[in-house]
Amino acid sequence: MSALIELNNIYKIYHMGDTSVHALDGVNIEIQKGEFVAIVGQSGSGKSTAMNIIGCLDVPTKGRYRLNGVDVSTMKDDEQAEIRNKMLGFIFQQYNLLPKLSVQENVELSLLYAGVGAAERRRRAMKALQRVGLANKARNMPNQLSGGQQQRVSIARALAGDPSVILADEPTGALDSRTSREVLSFLQELNREGNTIVLITHDNSIAVRAQRIIRLQDGRVIYDGPSDDPKAVVQPSDTDEEVAE
Amino acid sequence: MGIEQNFRLAIKSLMSSKVRALLTMLGIIIGVAAVIVITGLGSGMQRMMNEQFEQLGANRIQVNIFGRGGGSRIVDTDDMYQLMEKNPDYLTGVTPYISVRTLVRYGTEEFKRTNVIGVSEDFADMASVFGETLKEGRFIQYLDAARKQNVCVIGSYINETAFNGNGLGQTITLSGTHYRIVGVLEASGDLVEGGGNDYIYIPYTNACTLNGTSEVNLFMFSCPGEDTAAIAKKIISDYLYSVYLSEDYYYVVTSAEMITMMNMMISVMMTVLVAIAAISLLVGGIGIMNIMLVSVSERTREIGIRKSLGAKRRDIRLQFVIEAGTTSAVGGVIGIVLGALVTTVASPILTGMMSGMGGSGSFNASPTAGAVAIAFGVSVGIGVLFGYLPANKAAKLNPIDALRYE
Ligand SMILES: Nc1ncnc2c1ncn2[C@@H]1O[C@H](COP(=O)(O)OP(=O)(O)OP(=O)(O)O)[C@@H](O)[C@H]1O
Ligand SMILES: [Mg+2]
């Protein structure tokens, strides 16, 4: 059985004048359907770059990425949009809700682009909002909600399209610890219901809530295994590195 | 997909920054308003011309003579009367229209700018062509001209200023000769010295004597009907050609031709003015393009979010094209309302001015439905056209760059 996500020798190289940055430097990752994976690493290690590629927001410089058995790494803009629309749900650190749309309209957006009719759109949006406990805020504008509530709206928006993978880049980065725990519990619950979740964080205490941890450093995978292995949370000695640089 | 949401968003963003929206739309507003005003006034003018045409009748022929040509002969009023008598089926009346250089005096008062014109008895029939109607008394008659009587018909300006409105039966002096006032004309518009109400008509025979020549520059014929006017015109032209041996020295035109020419001139004028107004629409379009480009870069992050949720290029393009189209459509509607308002206000003012210049017919300008429809269509079209470039720019944004944009 092939993996849901299959990154095969992925490189992402940024050229800045005469120097080049290897944000991803030969990454191989396989994620099965139903997994809850945390990608961790220090700032600049390539976590967001990896997520952008997994999320079809960006294309690798080199290597092959297969999502659900289909090679998406060479797809055109609109084809990738279709994939994002049908298979991927994003949760961002800054929520990224559209301020001029109501909560419900925000949640409906991906359905709108999928061409779902108005009544069905509304029904599914309300269902997603119910799941995050915000059905009563459907008509509010995003700026009338707290940070935690806004993040829950963005989770509802990610869920509304019924995606194969939910990608969360530092979803708790802007939240206090109590709300962070709520959001994490919610992601765990979604995972228990069968959703595949890829979570990006630099915080070990959050990463251990996932089943599996992938640690990146300088664009390479330096650990890939269960989150209860002691090695999973060991920070590589960053002092050496910084001296070396 | 999502057209009504895009439309609602566009209205919302217009309302949220009204001053900016107004500035954006200014070019469109001015352009559309100008088109509405110009076409409104133009069609009002055309209507007025046509009314005057009806008044004047379709059966007039005007003859202008510019000089003597190769021959040494001139055509005088008697020649024209003879031509008329030879062609009674086609020509039924003729009057010369002779400007006289003379000094008009009443007592010690001098009227230096009064227009003195020599006419025949047939002028009575054709007075409306010249915008004149009799108020009291009579016009110049056959015997006045035949016997060179010293009689005149005066305009309301002299009647009011010299005679306090009681000029009929009094006398006035032209080049030292007393003329008895046998008729007074109706006033039309303001009384201005040398203006449309400051005319004196005398028998053409007297006019020739005062001028010292029987040369005439302008004749007006009447013919029995519109259908024979073309034949009548040919008769006159042929005769004039036989005298002058060249077409360069006279010009014969029927009233139908005149009105066609007038209408054409108004149309040309309107087209030119509308073309000028169209430049304003173009500038307006560029304004919209400019503000849309600003809007696209301001909303780069929004575009990134929409793309992350699966918006395709055409979805983003549609969103911004609708926004641009809505902006300019709203501008168009404001322009239409403004233009209609200006037309309505200007119409009576212009009516006053026209009658002051001696025009009769009533001038009634109102915006035409066609112009409104076209103006609206054009403004939407401009929005879409000039919105397309920025919209396309937005559509082509790379999702990840757009999302990262601060
Ligand atoms: N658009 C870009 N142009 C040039 N370099 C880039 C670009 N995006 C990322 N990089 C570089 O790639 C490397 C990886 O960046 P990435 O954003 O993936 O790090 P990260 O692990 O998400 O860090 P953080 O925890 O701070 O978010 C960094 O060195 C960064 O400077
Ligand atoms: Mg990052």
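**Helix packing and burial**

In this predicted model, helix α3 (residues 77-86) of chain B packs against helix α8 (residues 229-244) of chain B at an angle of about 130°, with their axes 11 Å apart. Residues are numbered from 1 along each chain as its sequence is written, and chains are lettered from A in the order in which they are written. Local features need pLDDT of at least 70, side-chain atom pairs count only at pLDDT 80 or more, and side-chain values use heavy atoms, with hydrogens and water left out.

Q: Why are α3(B) and α8(B) called oblique to each other?
A: Angles under 35 degrees count as roughly parallel, over 145 as roughly antiparallel, 65 to 115 as roughly perpendicular and the rest as oblique; the angle here is about 130°, and the two helices are therefore oblique.

Q: Which residues make the contact between α3(B) and α8(B)?
A: With contact meaning heavy atoms within 4.5 Å, B:Asp79, B:Met80 and B:Leu83 of α3(B) meet B:Ile235, B:Ile236, B:Tyr239 and B:Leu240 of α8(B).

Q: What makes B:Thr343 count as buried?
A: Buried means under 20% relative accessible area, exposed over 50%, and partly exposed in between (1.4 Å probe, protein chains only); B:Thr343, in helix α11 (residues 313-356) of chain B, has 0% relative accessibility and therefore counts as buried.

Q: Why is A:Arg122 called partly exposed?
A: A:Arg122, which lies in helix α4 (residues 118-131) of chain A, counts as partly exposed because its relative accessibility is 41%.

Conventions
Axes fitted to C-alpha atoms, helices over the stretch in contact; angles between N-to-C directions. Helix = DSSP H or I, 4+ residues; strand = E, 2+ residues; numbered from the N terminus.
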